[in-house]
Amino acid sequence: MEDAGRLSHLYMTYFLFLFSATMVAPVVTDVTVSALCPGQARCSLAIYLSGIQQAIVGLGSLVMMPLIGNLSDKYGRKALLTIPLVFTIIPLAILAYSRSRNFFYLYYVFRTLTAIFCEGSVHCLALAYVADNVPAGRRASAFGILSGIGSAAFVCGNLSTRFLSTPSTFQVATAVAVVALAYMRFFLPDSVVVGDDDPLTAPIVSKGMPDGACPDDDSANKAHAFKKTPSLGDTVALLRSSLTFLQAAIVAFFGNLADVGLHASMMYYLKAQFHFNKNQFADLMVISGIAGTISQLLIMPLLAPVIGETRLLSIALFFNCVHMILYSVAWAAWVPYAAAMFSVLFVFAHPCMRTIVSKQVGSCDQGKAQGCISGICQLANVVSPLVFSPLTALFLSDSAPFHFPGFSIMCVGFASMIAFIQSVMMRVAPISDGRVSNCHTLA
C-alpha cells in the first residue's frame with residue numbers, strides 16, 4: 001500500500017508535467033511559422049531552426065542524461081526531478097506573455113538552453129523511481145502504466161488545446177507547470193530501493209571497492225560521491241554488461257532516430273500538404289493519444305506476461321514502421337488520422353524496451369542504466385534533425401529533385417525498420433551473477 005501511494009504521487013507529478021508540455025505541442029508550429037514567415041504555409045527557416053534546436057538539445061542532453069541518472073542514484077530521484085520541473089516553466093512563461101518575433105527568438109534561446117536539462121530527464125527519473133519501488137517481475141506492467149499516464153496527459157493536453165486560444169494555451173500550460181513543481185515538492189516522497197531477490201545487486205560500474213565493500217567514513221563517502229559523475233567507460237561497461245543491453249541500446253537509437261525525425265517533419269509536412277492548423281494537429285494527437293492510452297493501460301498489462309516484452313517490442317516496432325510509411329504516402333487529409341490509429345500497437349515499444357533494460361541491471365544501477373539509454377536516445381536526437389530537417393525542407397520546397405513531399409518521412413520509416421530488425425534478433429537470456437552487495441551501503 002505504501003508503494004502504491006508513492007507511485008500515485010509520481011504518476012500525478014508525471015501527468016501534470018506532461019499535460020503542461022504536450023498542450024503547447026499543436027500550437028508551436030503555428031506560432032513558429034507565424035513569427036518567422038507571416039502569411040505563409042511553408043517556411044524553410046522554421047524547419048531549419050527547429051532542426052538546429054533539436055540537434056543542440058540532443059547534444060547537451062547526451063551529456064546530461066547519464067549525469068542526471070547517476071546523480072539521482074546518489075542524491076535521490078526527487079532532488080533531481082526539481083531541476084527540469086523548474087526550468088520547464090521559463091520558456092512557457094515567455095510565450096504566455098507575447099508571441100511576437102522578438103519574444104519568439106527569446107523563447108527559442110531559453111527553450112534550447114532549458115531543454116538540455118529537461119528533455120527526457122523527467123521520463124528517465126520517473127522510470128528509475130518506478131524501478132526503485134517495484135520488483136522486477138512487475139516492472140513491465142508498471143512501466144506500461146507510466147506510459148499510459150503519459151498518453152492520458154498527452155490526450156488531455158491536446159484536447160484542451162482544441163478549445164483554447166493560442167495565448168490561453170501558453171498561460172494555462174505555465175500555470176500547470178507551476179502546479180506540477182509544487183505538487184512534487186510537497187507530496188512526492190523520495191524513493192527507496194526494494195528488495196526483490198534480484199541477483200544483479202552489485203553496481204556494474206562501481207570502482208575502487210570489492211564486491212560487498214562498504215565505505216566506513218565520511219572521506220570515503222565523499223570520494224565515492226565524486227565517482228558518481230559518469231564517464232565514457234561507465235557507459236561502455238553498461239553496454240558490455242550483456243548482449244541484450246547492447247541490442248536494446250541499438251533499438252533505442254534507431255527507434256528514437258525515427259520518432260524524432262517523424263515529429264520534426266510531420267507537422268510541417270501536413271501544414272504544407274493539407275494546410276493543417278493547431279486544431280487539426282490537436283485532433284490528430286488526441287486520436288493517437290486515446291488509442292495509446294487504452295492500449296497501455298488495458299492491453300499491455302495483459303499481453304506482456306503472456307507473450308513477453310521482446311515479442312511485444314517487435315510487434316510495436318513493425319507497426320510503427322508501417323504507420324510512418326503510411327504518413328509519407330498520404331493521398332488525402334483523412335489518411336493521417338487513419339495512420340494515427342496505429343498507436344494502439346506501436347505505443348508498446350518504449351515501455352517494453354525500458355523494461356528489458358531494467359531487468360539487465362541491479363537496483364543500484366537503475367538510474368545509470370536508464371540514464372545511459374536516455375543518453376543514447378539523445379544522441380539520436382542530435383543525428384535525426386541533422387539528417388531529416390534539411391531533407392524535409394528540400395522536398396517541401398520548389399527545388400525538390402522530384403515530387404515526393406513525404407520522402408523524408410519515408411526515410412524515417414526505413415530507420416524504424418532497422419530498429420524492428422534488431423528487435424527480432426534480440427534474445428533475452430537469464431543472467432546469472434554471483435555478486436551480492438547492499439545498495440544502501442554503496443550509495
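This is a predicted model: local features need pLDDT of at least 70, side-chain atom pairs count only at pLDDT 80 or more; totals for chains, interfaces and linings use all residues.
**Surface patch, helix packing and salt bridges**

Good morning. Helix α13, residues 278-328, supplies the largest share of the patch, namely six residues. One of the residues in α13 is Leu 298, which is exposed, with a relative accessible area of 55%.

I turn next to helix packing. Helix α4 (residues 77-87) and helix α6 (residues 101-118) have axes that come within 9 Å and cross at roughly 160°. The two helices are therefore roughly antiparallel. The crossing of α4 past α6 is left-handed.

How many salt bridges does the structure hold? There are three.

In one of them, Asp 30 meets Lys 271, at 2.9 Å from N to O. Because Asp 30 belongs to helix α2 (residues 25-36) and Lys 271 to helix α12 (residues 243-274), this pair ties together parts 241 residues apart in sequence. Asp 30 is buried, at 15% relative accessible area, and Lys 271 is buried at 12%.

Another joins Asp 132 and Arg 77, at 2.7 Å from N to O. Asp 132 lies in helix α7 (residues 121-133) and Arg 77 in α4, so parts 55 residues apart in sequence are tied together. Asp 132 is buried, with 3% relative accessibility; Arg 77 is likewise buried, with 3%.

Finally, Asp 283 pairs with Arg 162, their closest N and O atoms being 2.8 Å apart. This bridge links α13 to helix α8 (residues 139-162), across 121 residues of sequence. Asp 283 is partly exposed at 24%, and Arg 162 is partly exposed at 30%.

Technical notes
Residues are numbered from 1 along each chain as its sequence is written. Side-chain values use heavy atoms; hydrogens and water are left out. Helices (H or I, at least four residues) and strands (E, at least two) are DSSP runs, numbered from the N terminus. Buried means under 20% relative accessible area, exposed over 50%, partly exposed in between (1.4 Å probe, protein chains only). Axes are lines fitted to C-alpha atoms, for helices over the stretch in contact, and angles run from 0 to 180 degrees between N-to-C directions. Angles under 35 degrees count as roughly parallel, over 145 as roughly antiparallel, 65 to 115 as roughly perpendicular and the rest as oblique. A crossing is left-handed if the near helix is turned anticlockwise from the far one by less than a right angle, and right-handed if clockwise. A salt bridge is a side-chain nitrogen of Lys or Arg within 4 Å of a carboxyl oxygen of Asp or Glu.
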